[in-house]
Amino acid sequence: ELILAFKLQEIFTSFYLSKHTGRKLQWQYTLDHCLLKGWLKEKAMKEFHVSLYQALVLLLFNEHKDLNYKDIQEQTKIRSYLLFICYSDKSLIFSF
């Protein structure tokens, strides 16, 4: 399924279980959200409060300058209809 999401899940699970014993985590990917912080061209720090799927798409651009829809789908393994929602969300449209 979601390649990067599983890596992040493993990191958080390890951290969480080191603090709390006897608990079980159940992941609901459609409910997850992230706060991403980054620096843009003008060296201005920006914060993006986005869904997990949107975060996975944005994080790909740390390693790639240009990606098309097919590339993003192949690298994230996000289902087509969920990826379409990421693309159609107007909150990710901003100007530099």
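Buried residues make up 26% of the 96 residues in the protein; buried means under 20% relative accessible area, exposed over 50%, and partly exposed in between, with a 1.4 Å probe and protein chains only. This is a predicted model, in which local features need pLDDT of at least 70, side-chain atom pairs count only at pLDDT 80 or more, and totals for chains, interfaces and linings use all residues. Residues are numbered from 1 along each chain as its sequence is written, and side-chain values use heavy atoms, with hydrogens and water left out.

**View 1. The overall fold has four helices and two strands.** Along the sequence, the pattern reads α-β-β-α-α-α. Helices (H or I, at least four residues) and strands (E, at least two) are DSSP runs, numbered from the N terminus. Contact means heavy atoms within 4.5 Å. Among the contacts with a separation of 6 or more, 33% join residues 24 or more positions apart.

**View 2. The largest nonpolar core holds 16 residues.** Such a core is a set of buried Ala, Val, Leu, Ile, Met, Phe, Trp, Tyr and Cys residues joined through side-chain atoms within 4.5 Å. Which members touch the most other members? They are Ile-72, Ile-78 and Leu-83. Two or more residues come from each of β1 (33-39), β2 (45-51), α2 (52-60) and α4 (80-88). The largest share is that of α2, with six residues.

**View 3. Helix α2 is largely enclosed by the rest of the structure, because seven of its nine residues are buried.** The buried residues are Leu-52, Tyr-53, Gln-54, Ala-55, Leu-56, Val-57 and Leu-60. Look at Gln-54, which sits in this helix. Gln-54 is buried, at a relative accessible area of 5%. A polar atom of the Gln-54 side chain lies 2.9 Å from the backbone nitrogen of Ser-51. A polar contact is a pair of N or O atoms within 3.5 Å; within protein, one must be able to donate a hydrogen and the other to accept it, and residues adjacent in sequence count only if both atoms are side-chain atoms.

**View 4. Helices α2 and α3 pack at an angle of about 110°.** Their axes are 10 Å apart. Axes are lines fitted to C-alpha atoms, for helices over the stretch in contact, and angles run from 0 to 180 degrees between N-to-C directions. The two helices, α2 and α3, are therefore roughly perpendicular to each other. That term covers 65 to 115 degrees; angles under 35 degrees count as roughly parallel, over 145 as roughly antiparallel, and the rest as oblique. The crossing of α2 and α3 is right-handed, with the near helix turned clockwise from the far one by less than a right angle. From α2, the contact is made by Leu-56, Val-57 and Leu-60. From α3, Ile-72, Gln-75 and Thr-76 take part.

**View 5. Leu-67 lies in the loop between α2 and α3.** Is Leu-67 buried or exposed? Leu-67 is buried, with a relative accessible area of 17%. Leaving aside residues up to four places away in sequence, Leu-67 touches Leu-60, Phe-61, Ile-72 and Gln-75. Val-57 is ten residues from Leu-67 along the chain, and their C-alpha atoms are separated by 9.7 Å.

**View 6. Asn-68 caps the N-terminal end of helix α3 (residues 69-76).** A side-chain oxygen of Asn-68 lies 3.1 Å from the backbone nitrogen of Lys-70. Further along, Thr-76 also belongs to α3. Thr-76 counts as buried, at 4% relative accessibility. A polar atom of the Thr-76 side chain lies 2.8 Å from the backbone oxygen of Ile-72.

**View 7. Just after α3, Lys-77 takes a positive phi of about 65°.** Lys-77 is not a glycine. Most residues other than glycine have a negative phi. Lys-77 is found in the loop between α3 and α4. Lys-77 is partly exposed, with a relative accessible area of 44%.

**View 8. Ile-85 has its place in helix α4.** Ile-85 counts as partly exposed, at 48% relative accessibility. How many residues separate Ile-85 and Tyr-53 in sequence? They are 32 residues apart in sequence, and 9.1 Å apart in space, C-alpha to C-alpha.

**View 9. Trp-27 lies in the loop between α1 (3-19) and β1.** Trp-27 counts as partly exposed, at 28% relative accessibility. Not counting residues up to four places away in sequence, Trp-27 touches Gln-9, Phe-12, Thr-13 and Asp-32. Trp-27 and Gln-9 are 18 residues apart along the chain, with their C-alpha atoms separated by 8.5 Å.
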